[in-house]
Amino acid sequence: MNGVSGMPRYLLWRVGQALFVVWAAFTISFAVLYTLPSDPVAVMAGPNSELTPAELAAMRHDLGLDRPVLTQYLSQLGHLLRGDLGQSIQSREQVSHLIGQALPPTAAITAAGLGAGLLCGTALALATSLVRQRWARGLLDSLPPLGVSVPSYWVGLLLLQQFSFHWHLFPAIGNEGAGSMVLPTITLALPVAAVIAQLLGRSLDAALREGYADTARAKGVSRLAVHVRHGLRNAVLPAMTMVGLLVGGMLSGSVVVETVFSRDGLGRLATTAVSQQDLPVVQGLVLLGAAVFAAVNLLVDLLYPVIDPRIVRQ
Amino acid sequence: MNTRAHRSRTALAAATVTAALLLAACGGSGDGASGGGTGAKGGGKARQGGTLTIALQSPAQSANPRAFTDTAAVYVNRQIFDSLVDQDPATGKILPWLAKSWEVNATATQFTFHLRAGVTFSDGTPLTAQVVKANFDDILANKAKLNPGIVPAVQALTGAKATDAQTVTLTFAKPHASFLVEAARVGLSIEAPATLALPWDKRVDKVIGSGPFVLDSFAPGQISLHKRTGYAWAADSLHHTGAAYLDKVVFKVVPESSVRTGSLQSGQVNAISDVPAADIQSVRDGGQQVISTPNPGLVWGLVPIESRNPLNDANVRKALNLAINRPEVRDAVLTKDFAVATSVLAHTTPGYVDLGSSLAYDPAQAGQLLDAAGWTRTGDGVRQKDGKKLTLVAAWFRDSSSNQKALELIKAQLAKSGVDLQLLEQTGLQILDGLKKEKYDFFWTNATSADGDVLRSSFSSAPPNYYRVQDQPLQPLLEQQLATGDPAARNKLLAQAQQRVVAQADYLPVFEQTTVLAAAGKVHGLSLGAGAGLAPLAGVWLS
């Protein structure tokens with residue numbers, strides 16, 4: 001009975017938290033970006049600039065940078081509530097348009113990388129727990145630490161060298177076709193798989209030592225079924241929490257991957273915006289990152305009760 | 001003339017920001033035409049058709065030629081837009097393009113252009129004096145939105161007047177002899193009325209020009225152009241008449257230099273930009289062509305901040321100039337594609353004079369000058385005066401892959417003469433701030449510009465004078481050259497200014513920036529223009 005009335009309240013509470021996180025990210029990034037001793041106009045002009053102070057002021061006025069900080073903050077927050085992220089200082093395009101353009105390719109490789117990483121990580125954890133030979137288990141156990149410790153930058157270049165430049169299997173650059181997604185996906189999936197395998201492996205071991213696993217074995221359930229149905233379901237919660245964090249990591253990972261594989265996307269947009277001090281774009285990206293992060297964590301939280309009904313009752 | 005350039009900015013470095021703009025440095029506002037290129041005529045008969053794919057280091061962010069002037073924007077927009085005049089990359093001479101002839105008055109305040117007949121934009125509208133006037137009216141109306149690199153060119157422009165259908169006159173409030181070179185740049189190329197009719201913010205991906213190629217699609221990572229049929233007014237220096245050979249040109253963005261090289265060698269692209277000095281040999285060894293041209297403008301070197309002690313002493317500056325072994329820097333850090341500085345200007349800059357004999361390595365004389373100035377050797381080898389060590393701070397910015405290695409070698413060279421050079425890597429923002437607050441003794445820089453007026457923008461003591469230039473006798477030379485319409489008389493003034501800068505060691509020149517492209521063997525006619533940017537691809541073909 002409690003579960004029925006508890007669920008909406010739980011939902012409301014979590015959604016409220018997520019919105020707070022997004023607002024806080026907006027405010028903090030605004031504070032950091034706009035109170036830094038940086039002047040995008042001076043940056044645009046450069047030291048050899050022959051612009052008169054009046055012309056610089058006109059540029060500043062044109063960009064709305066001459067208003068008091070608080071006014072800028074409130075006006076931006078107001079625009080944000082109406083879904084308006086403002087205009088790029090450099091290209092003068094709508095930030096929402098720029099982000100909308102860059103989002104699909106990044107979403108595609110991030111989703112593919114996450115999916116592949118989860119699948120491989122789970123498979124590796126299961127395989128490690130199922131293998132009986134001591135040496136084979138040792139070998140499988142050593143893979144996750146290796147995967148966590150190699151930098152994806154290096155992995156990406158290595159993959160390119162072999163699979164693109166040497167064997168001509170996949171294109172090295174661009175977004176065209178499914179082939180162009182293979183190597184970036186592997187690069188992004190590798191650290192995810194490693195972390196998941198490590199985490200899941202550990203909690204799987206713990207779950208399989210529990211009494212319910214022994215009960216299942218005693219009832220004559222097959223080894224594979226014990227591991228999957230009884231072990232994995234109970235071991236999956238910590239890994240799910242991790243997925244929430246990994247998605248955030250993958251957004252920053254996309255910067256590296258999109259640079260190495262010369263792909264369009266949020267990573268490239270972020271690199272360009274930061275290097276040009278295009279504050280509205282940077283801020284839009286921070287906001288997007290916060291929103292995605294909050295949404296994924298919300299989703300994970302909402303999935304908890306589905307997997308483990310005890311959580312809502314608590 | 002600070003052309004913004006985003007050269008070897010590491011893709012992940014956060015605040016690379018300014019220096020790109022800051023130093024205007026190396027990318028270059030290329031215009032004009034074929035200079036040292038891939039033997040256009042040597043490869044047999046030109047073949048029609050095909051797609052040329054070029055990998056760039058950074059994205060072109062807009063097809064509005066006045067919005068960005070970095071390498072990528074210039075490479076792409078040069079294919080879509082033509083300029084009033086062309087500049088010969090070999091001689092620096094101004095040649096006809098959309099204007100078949102022009103006149104400049106003696107004080108360089110009035111420029112009259114006589115337009116070529118029969119030119120049309122890709123939407124069919126004809127080029128007239130009215131259109132040219134409308135372009136400059138539009139530039140003046142959008143001055144606050146122009147790329148800051150273009151603003152100096154039109155700062156003193158008061159207006160344009162169409163005297164008849166084919167004649168247009170531009171008037172400046174004060175002498176502006178560098179305008180012809182500026183008019184040859186992509187930034188002042190001529191747009192179609194349909195593009196001018198768009199609000200500035202919409203001129204990003206739907207622009208219309210009269211150039212040899214027409215914009216097909218514009219995405220951040222990939223830009224496609226197709227051939228303009230009926231094109232018959234190629235820039236004079238291209239030595240090409242008629243439409244382009246290529247059907248299509250595709251620019252792709254590949255930020256990683258090793259990936260660019262690998263993609264070229266594995267045949268995934270036909271040509272690449274921004275080949276780092278360290279990769280040139282491997283590209284050659286891989287059987288690819290290397291196309292390079294020294295960037296005109298201010299060579300790489302150290303600007304002494306003359307308001308600071310002891311660099312306010314000309315003899316100390318001269319001593320440091322003598323203590324730098326330029327050929328050694330070139331040989332150790334760069335390749336033979338880079339030239340040792342023989343003036344403050346690169347040898348491809350109009351008005352350059354060879355002052356190489358004044359820039360020889362002479363540590364003995366350097367030591368004598370420092371001794372005479374009171375800086376004497378002490379136990380640890382570093383000179384001292386009044387108990388103060390001769391320690392100098394050189395600020396630098398990572399905008400070229402060779403900067404660090406070159407500076408480390410210079411540091412070692414100066415150490416032999418008892419000078420302790422401290423290298424201070426800075427972000428773009430830090431540099432702006434550090435220059436304002438006079439935190440450094442030296443600043444490592446260069447500036448690409450196809451006109452000798454770069455001397456004035458670098459060494460003028462007028463505000464903001466970021467380098468704190470103190471040399472007053474130099475100032476009249478810098479002002480007079482801009483007010484001299486006659487090229488020969490102007491070059492004489494530019495020569496005197498260079499002699500003055502070198503004699504006073506107002507700048508410690510080291511080596512010339514060089515733009516390096518690489519291309520597959522089947523690419524013919526690829527070349528760099530007068531500003532060291534990609535020349536129009538009208539004469540390029542694939543075998």
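This is a predicted model: local features need pLDDT of at least 70, side-chain atom pairs count only at pLDDT 80 or more; totals for chains, interfaces and linings use all residues.
## Annotated spans of chain A

An unreviewed UniProt entry lists residues 12–34, 107–131, 143–161, 181–200, 239–261 and 281–304 of chain A under "transmembrane region". In the model, residues 12–34 of chain A are 100% helix and 0% strand, with the end C-alpha atoms 33 Å apart. Residues 107–131 of chain A are 96% helix and 0% strand, and here the end C-alpha atoms lie 35 Å apart.

## Surroundings of Q198(A)

Q198(A) belongs to helix α8 of chain A, which covers residues 179–208, and Q198(A) counts as partly exposed because its relative accessibility is 29%. Once neighbours within four places in sequence are set aside, Q198(A) is in contact with P144(A), P145(A) and V148(A). The C-alpha atoms of Q198(A) and G121(A) are 8.0 Å apart in space, although 77 residues separate the two in sequence.

## Domains of chain B

Chain B is divided into domain 1, comprising 11–293 + 524–542, and domain 2, comprising 297–512. Taken over C-alpha atoms, the centres of domain 1 and domain 2 of chain B are separated by 31 Å.

## Nonpolar cores

The largest nonpolar core holds 120 residues, of which F251(B), W444(B), L526(B) and L537(B) touch the most other members. Helix α10 of chain A (residues 223–260) supplies the largest share of this core, 13 residues. A second, separate core of 45 residues includes V85(B), F121(B), A156(B) and V168(B).

Not counting residues up to four places away in sequence, L537(B) touches L52(B), I54(B), Q79(B), F213(B), L246(B), V249(B), F251(B) and L526(B).

Note on methods. Residues are numbered from 1 along each chain as its sequence is written. Chains are lettered from A and ligands numbered from 1 in the order in which they are written. Side-chain values use heavy atoms; hydrogens and water are left out. UniProt positions are given in the numbering used here, feature names are shortened, and annotations may be inferred rather than shown by experiment. Helices (H or I, at least four residues) and strands (E, at least two) are DSSP runs, numbered from the N terminus. Buried means under 20% relative accessible area, exposed over 50%, partly exposed in between (1.4 Å probe, protein chains only). Contact means heavy atoms within 4.5 Å. Domain bounds come from an automatic or database domain assignment. A nonpolar core is a set of buried Ala, Val, Leu, Ile, Met, Phe, Trp, Tyr and Cys residues joined through side-chain atoms within 4.5 Å.
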